[in-house]
Amino acid sequence: MSVDKATVARIAHLARIGVGEDELEPLAAELSGILNWIEQLNEVDTETVPPMASVHDEALRWRADVINDGGKQADVVANAPDGDNDGDGAFFTVPKVIE
Amino acid sequence: MAELTEIGIAEARDLLSKGEVSSVELTTAHSVAMAEAQSLNAMITETPAQAKAMAAASDARRAQADGGEVGALEGIPLAIKDLFCTNDVLTTAGSHILDGFKPPYESTVTDKLWKAGAVMLGKTNMDEFAMGSSNETSYYGPVHNPWRRQGDGGDNRNLVPGGSSGGSATAVAGRFAMAATATDTGGSIRQPASFTGTVGCKPTYGRCSRWGVVAFASSLDQAGPITRSVRDNAIMLGAMAGYDPKDSTSANKAVPDFEAALTGDVRGLKIGVPKEFVLDGMPVEIEALWQQGIGWLKDAGAEIVDISLPHTKYALPAYYIIAPAEASSNLARYDGVRFGLRVDGSDLTEMYENTRAAGFGAEVRRRVLIGTYVLSAGYYDAYYLKAQKVRRLITQDFRDVYEQVDAILTPSAPSAAFAIGEKSDDPISMYLNDVFTVTANLAGLPGISIPAGLSDEGLPLGLQVLAPAFDEETMYRIAGVLEEAAAFTAQPEKWWRSAS
């Protein structure tokens with residue numbers, strides 16, 4: 001299947017990656033090439049085959065519902081690219097979301 | 001005594017235990033060789049001061065033990081792929097978007113290595129987020145393979161070391177790390193090992209904890225060692241592997257003594273040779289190497305069995321749905337808020353879009369877009385679900401053949417190392433590098449590449465041994481016999497020492 005410019009713009013927005021208008025056409029061609037190559041999977045009869053999400057047959061383990069870590073607020077925010085403007089280093093900051 | 005950068009883990013272990021060399025001496029020799037090899041661009045971060053301190057601590061522990069028990073890797077200097085989080089040491093995954101990221105924690109695998117006594121020399125260059133087969137997608141630039149073409153075809157062009165673990169493979173082949181950690185999602189340990197004349201093992205999915213390893217495709221990613229010999233590989237995997245409650249897919253299985261599996265005896269083992277791995281247009285030298293490997297195992301008393309893995313040709317297309325789908329989800333966390341790069345915008349969405357546009361390179365962007373597309377409403381069944389069904393068929397192929405055989409022998413890669421820039425314009429031709437390795441990731445099986453010969457142009461070529469899940473012991477046993485038969489001793493000339 002080939003994708004057009006509008007589709008590339010839509011999925012780029014879904015993925016939250018800014019893509020310039022001039023890049024849409026070449027990207028559409030690239031992605032179409034890959035998707036066309038992938039199409040060969042349609043040769044395989046999978047009518048009765050259950051999908052496989054993991055190589056593990058068994059169900060994932062449960063862990064005990066207990067607090068076993070924490071109290072590391074400074075570590076958690078230490079790598080934040082926009083240092084806390086309030087100066088106490090306790091928060092992640094983002095552009096204003098609510099007017 | 002041989003030059004300290006020329007010996008492997010097993011030999012170093014002996015010299016250290018006899019007191020003939022110290023970890024500080026070993027480590028310093030490698031740090032110096034690393035500094036001399038900067039033109040290869042194999043390292044993103046070198047940590048010589050930390051290395052020296054860790055080596056000194058190791059020597060002190062050994063003195064304290066006074067001839068008693070020490071860690072399995074006590075005093076051994078290693079390079080660490082920059083996908084493993086290392087406490088307070090820059091960890092980039094080869095990406096601009098992780099600019100300045102210093103994890104406040106240590107990955108389980110590296111933590112186990114340090115507890116086994118190992119020393120960190122630095123962090124190795126890699127394809128961005130491990131997406132690539134040539135190490136050309138790194139934000140930090142391509143790594144140069146220590147090997148160059150010889151003879152009539154020799155033109156001194158720099159070759160790729162393979163990828164994504166290209167820096168790790170180069171550090172080991174170039175003799176500036178005794179061994180290195182790596183990761184393999186579609187072939188990223190075994191293909192660079194093949195391109196650089198090193199030994200690279202991807203163990204069974206679940207053998208090594210993924211905790212603290214930057215995630216690419218969580219159902220496929222697996223850590224493993226790149227070393228100079230099969231024995232070194234077995235020693236190092238033993239120190240990396242083991243159950244970790246912090247990774248819900250970590251296997252709760254005892255770690256065998258992999259080194260003890262190197263018995264040198266493969267008599268009576270049945271080795272499968274899959275007919276689907278014979279590709280149209282496969283270079284004659286790859287075919288010849290494979291036949292040579294078959295001959296070596298026959299001579300050693302193994303029985304060769306022709307087998308069929310009928311869905312092999314669908315493995316790469318299925319992989320290029322599953323891996324990008326998982327990547328698009330895993331990489332959603334890079335949003336400019338909590339760590340790494342941030343590019344401001346007029347509102348929150350624009351900040352996300354600007355950050356991710358600037359932070360991701362072309363190949364990562366391509367895969368995130370493909371992954372987003374195949375998971376989007378209306379396409380999920382046609383692509384993602386279809387690929388998951390094909391994945392089951394590929395896994396079933398292996399289960400069926402392992403009823404008849406103990407292991408499988410194939411080439412590791414469809415060619416020797418190629419030149420930088422030679423394949424970077426055509427994503428699909430680049431993806432085909434993983435044609436022999438990717439099925440093991442989809443099925444979660446262990447595989448190892450060992451250097452088995454040289455191409456017409458004097459470049460290393462690898463053979464791959466695949467084994468059933470959690471049977472790395474059989475894999476190592478066969479790899480050890482192949483290694484002995486191949487007697488691969490070729491080494492690249494250290495041209496980079498005068499090039500800097």
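In which helix of chain B does Asn330(B) lie? The residue belongs to helix 9, which covers residues 315-330; helices are DSSP runs of H or I with at least four residues, strands are runs of E with at least two, and both are numbered from the N terminus. The model is predicted, so local features need pLDDT of at least 70 and side-chain atom pairs pLDDT 80 or more, while totals for chains, interfaces and linings use all residues. Residues are numbered from 1 along each chain as its sequence is written, chains are lettered from A and ligands numbered from 1 in the order in which they are written, and side-chain values use heavy atoms, without hydrogens and water.

Asn330(B) is buried, at a relative accessible area of 11% (buried is under 20%, exposed over 50% and partly exposed in between, with a 1.4 Å probe and protein chains only). Its side chain reaches the backbone oxygen of Phe216(B) at 3.0 Å. Beyond neighbours within four places in sequence, Asn330(B) is in contact (heavy atoms within 4.5 Å) with Ala215(B), Phe216(B), Ala217(B) and Ser218(B).

Stepping back to the whole chain, the secondary structure of chain B comprises 16 helices and eleven strands. Of the 500 residues in chain B, 65% are buried. Of the chain B contacts between residues at least 6 apart in sequence, 78% join residues at least 24 apart. The C-alpha trace of chain B spans about 65 × 50 × 50 Å along its principal axes.

Conventions. Polar contact = N/O pair within 3.5 Å; in protein donor to acceptor, adjacent residues only side chain to side chain.
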